[in-house]
Amino acid sequence: MEPTLKAPIHKNRRTTMEQISNFISPESLFKDINLFSKLYDASVPLTNLTKFSIPQPTPPDPPHGSWIDWPFSRVVQQEFTPAEIGQEFGPTWATHWFKVELRVPEEWSGRDVHLRWVTGSESTVYSSEGALLQGINPKFREEFPLPPGTTTATFYIEMACNHIMGAGPDYKNGWGDEITPPSPNLFFKLTVADIALFREDIFQLYTDLEMLNGIASNLGDTHIGYQAMFVANQMVNDIRVDKLEEAKTLAANFFSSGTGQKSHQLFAMGHCHIDTAWLWPYSETIRKCARSFSAQLQLMKQYPEYKFVCSQAQQLAWVKETYPDLYQEIHDQVINEKQFIVVGSTWVEMDGNVPSGEAFMRQYFYGQQFFRKEFGVACKEFWLPDTFGYSAQIPQMIKHVGIDRFLTQKMSWSLVNRFPNNSFIWEGIDGSQVMCHFPPGDSYGMSGSVDEFLKSQNNSQDKGRCNNGIYLFGHGDGGGGPTRTIIERIKRVQNVDGLPNVRFSVPDEFFENLATEKDKFYKWVGELYLELHNGTYTTQAKIKWYNRKGEIFLREVEELMSIAYTMGRVDEQQLAVDIEEVDSNWKNLLLNQFHDVLPGSCIQLVAEEAWRIYEEVFSSLKILRDAYHVRILGGGTTTKAIYNPLTWPVHTVIFMKPDNDQDLPVGEFIQTVNLHSDPFENQGEGRFRVPNTFAAALVNLSPSGYSTFQPIEPLNKVTYAANTPSPGFGTFSNGIIHLEASTASPGLPTEKLFFNGSDVAFNDFLNRGVEPGRFYIYDDLPLIWDAWDVMDYHLETRREPDFTNMELQLLSYGDIVGCYRWSANFGNGSSIIRYTIMRCDSPMIEYYTIVDWKEEHKMLKVEFPADVLARNCTFEIQYGHTTRPTHINTSWDMAKFEVCGHKWMDMSQNDKGITVITDSKYGWHVRENIIQLSLLRAPKNPDANCDMHKHFIYYAVLPHVGTFQEADVIKKAYELNVLGSNNIPLMATDLVGANLPNSWVTLSDNTVIADTVKVAAEIPRAICVRLYESFGGYANPTITMGFGIVRVEECNGLENKIGDIPHTGNGFSVQFKPFQIRSFLVYF
């Protein structure tokens, strides 16, 4: 007989609700006697518990990652010694193994038995044969269900000495404290190690009451809220007198009530956002993946309707390499059962602002290549839930790889303005449009609570326009993913009156449903600027320096390989080996573009590991570059050659310092420049750093290939004249620009820059107190997110550093280069050296700044007051540029007080402008006529030593007549990054003149840039050329190759063929739309 629902005797809602809460709360005063306490009926200790501790690494080896050298087969051969409950294990990042022997009491036969393991740290359960069974995660997954029929068993448990969010000493205090630097001496206590009888019936009732309590709490003073409270109240009364079936039926009747057809639709997907590195190193992420994915495979066996989405090919590649048996299970699930769904298309979930356009392309290329080869699938969506803003070029970039769907939730973090939509059309700078969705619950780690379902429904910004939303559930950031509890919660409310309709689903189904409503969507044009975390354009400057230089280095080596291949100077077998090496280097660079590494929001261990990876990449690429120079040039002694990887002729002064000082070039039109008596760090030949001493020469370089090193006499020689009388110093001029440097302020040079005769470049016409090229310091104390945030109020603290020991010195004033040096100490023991450099025949004044940074919560900027009136300024982004306001008319304008730009930014009025070019900086603040380039920050969390070292920074100012397009700013920025800020190598060869291979790729249209020239990945005898229109207009270039063409096909960013392109001789002509990216396969 169906139980009859009874209302409480009294109408006191508060006492009824608190009784229900106390009955299920694990934190209640009555937790020892409430329903939570009955989840386990009985427990018995293990029959035996022993341990083996993996030896700790010794400095200089890092304290983490030693577990990789200790596979299961090696561990089980070691001597295990007794372990005890209450014993502590550490220190931080150490690994301990436990041998767990157990016997299930006979009277428990046929019952659910759990192995319980509680240490506060992450652990992994293995079978006695070494099969990885399941991860253990503190707080939410601290049990392993024994296989049915188990009587006696032996398991091994690997314990990692870190909590799920790393090793911050104050993690227990929650957000804000967990991002403190990791403690090196954390120890974890083994508090529970036993087997226990699990009460499945109690668990089901417990979950029923959780959800009923949630409905009653959130729907409050409504009929449905009261009905839920009445049901829960009666269930509590029934359970207390052991009427469990009656209580179960009451809950089932309520949850089967049904919801209306017009209710909001939530598509629920299991999700486990695992940060590839953050508050833990890469090596620990490998284990996090194994723990998380193994647990999900167990859930899939229990719940065939459950779907789990997994992004980041790198993480699956790690699992394949480290845990092949686990990977095979995942592989079978993806292919056969289709509950494990790969999504996202990228190698890692990268930063959305700083990577170059080609780096974005390679994220998709290597990610999709992995998913295709391993699983036979291509992801249809770009999945980037947790990064710090999204470039305005992303719509076109993802469309260029065959994707037109995008998901994130991070925009909900904006501090000032609420983004106006959850589902909308996003249009990029070229007009490309993609369908976007922000989960309306504003999270990628939902827990199945009623308030989350209601928020996902009520928080939608598109009511009436869109009735669909994604609901991503599962423990994230540190991993873990969904649990049984979360899945059971969702099952209860899939179709309940008063709540949205919820279904277990996959991205394809969701986006197909979303597409039926897109004709009603609003359109957003331009970048998705996150109004938070804008300090990440500057934090961990060394990582950003390596990133920019690595992107350029890879471009250079790939072009060299394509030249050698088309010339027949490398055979297919050797080429395949070298391509694999380049692929590995790309993947390592992309790994470090993860959204907590490249932005700089990681711990010190991660930053140091990233530096090591970059150095390995640079060493590998240098070997490849040298080998390909020899293959192409053949070696020799007759002459020296210079390689120009840019696809246009370059007329510039180059700096050269061979590793052998005896080879330093001398002769006519060559000038030796001595900046400093001691060598700079990593200034070797071919490195992307100007050395302490170098030979400078003006040269003409042929495009995309080699030129004989032949210094030429400059048309506009550098001159220097001392200024008299005091406070003098002097004036440098090269006939294009001239720079007056005076010392009106004691020890501080004041600069005036003129161009086009007497046009002024700098002018503080608003009287802001800004001297051009001067350094200013700011207090930098964010609200919470130290490494992440620069707050608007930092702008109120601007001041000149307290410089001491200032020195000004004229270093060089030959025909080729003029240079002076200014140095000072300041602050907390910091020092700065700035070299102001003028090259002959150059429209730029250049600054080579070396800062030994030792500040705390300070920000260093260099500033320029431009003699320009502009309401917007222009910043380079991936494959193009975007504009941003210089005013603060609206809250949206005001919020963009710190923005991201790549190699250059420009401020122009109708007749002239100022461009600032950088070799490694990304953070800018531009208001009215003041340009601020952010150089360094000094956060202390989560890396207490962030940026506390020496930095080498190169930037330049290019004043120009007319527009930046007319001034060729885009190419000048390439030239400074590829050639100007580098120690240019000279290659010995016997080839001269026309015998030197060059002009391998050239273009007839100045507006189109060939950004990438590489050997096609899986297509024989083909070169892939990727180009983009850079000015923002139509273009009709002819692309001419330096080799015989057999066929030309257009392809997408994955090198999938689109269609044939006609060619004539060694060239082909195509049309470009504004900012359009196009890729071509050129066969030979």
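Predicted model: local features only at pLDDT ≥ 70, side-chain atom pairs only at ≥ 80, totals over all residues.
Leucine 415 counts as partly exposed, with 48% relative accessibility. You'll find leucine 415 in the loop between strand E17 (405–407) and strand E18 (423–427).

**Salt bridges**
- The count of salt bridges comes to 55.
- Lysine 410 pairs with aspartate 386 at 2.7 Å, N to O. Lysine 410 sits in the loop between E17 and E18, and aspartate 386, 24 residues apart from it, is in the loop between strand E16 (382–383) and helix H10 (394–399).
- Both ends of that pair are buried: lysine 410 has 3% relative accessibility, and aspartate 386 has 5%.
- Aspartate 41 bridges to arginine 199, with the closest N and O atoms 3.5 Å apart. This pair links distant parts of the chain, 158 residues apart.
- Here aspartate 41 is partly exposed at 44%, while arginine 199 is buried at 18%.
- Glutamate 898 meets lysine 861 in another bridge (3.9 Å, N to O). The pair ties together parts that are 37 residues apart in sequence.
- Glutamate 898 is buried at 0% relative accessible area, and lysine 861 is buried at 0% as well.

**Helix H15**
- H15 covers residues 572–591 and reaches 28 Å from its first C-alpha to its last.
- Aspartate 571 caps the N-terminal end, with a side-chain oxygen 3.1 Å from the backbone nitrogen of glutamine 573.
- Its buried residues include Leu575, Ile579 and Trp586.
- Among the elements covering the buried residues of H15 are helix H14 (541–567), helix H16 (604–633) and strand E49 (1008–1015).

Terms used. Residues numbered from 1 in each chain as written. Heavy atoms only, no water. Helix = DSSP H or I, 4+ residues; strand = E, 2+ residues; numbered from the N terminus. Expected span 1.5 Å × (residues − 1). Buried < 20%, exposed > 50% of the residue type's maximum accessible area, 1.4 Å probe, protein only. Contact = heavy atoms within 4.5 Å. Polar contact = N/O pair within 3.5 Å; in protein donor to acceptor, adjacent residues only side chain to side chain. Salt bridge = Lys/Arg side-chain N within 4 Å of Asp/Glu carboxyl O.
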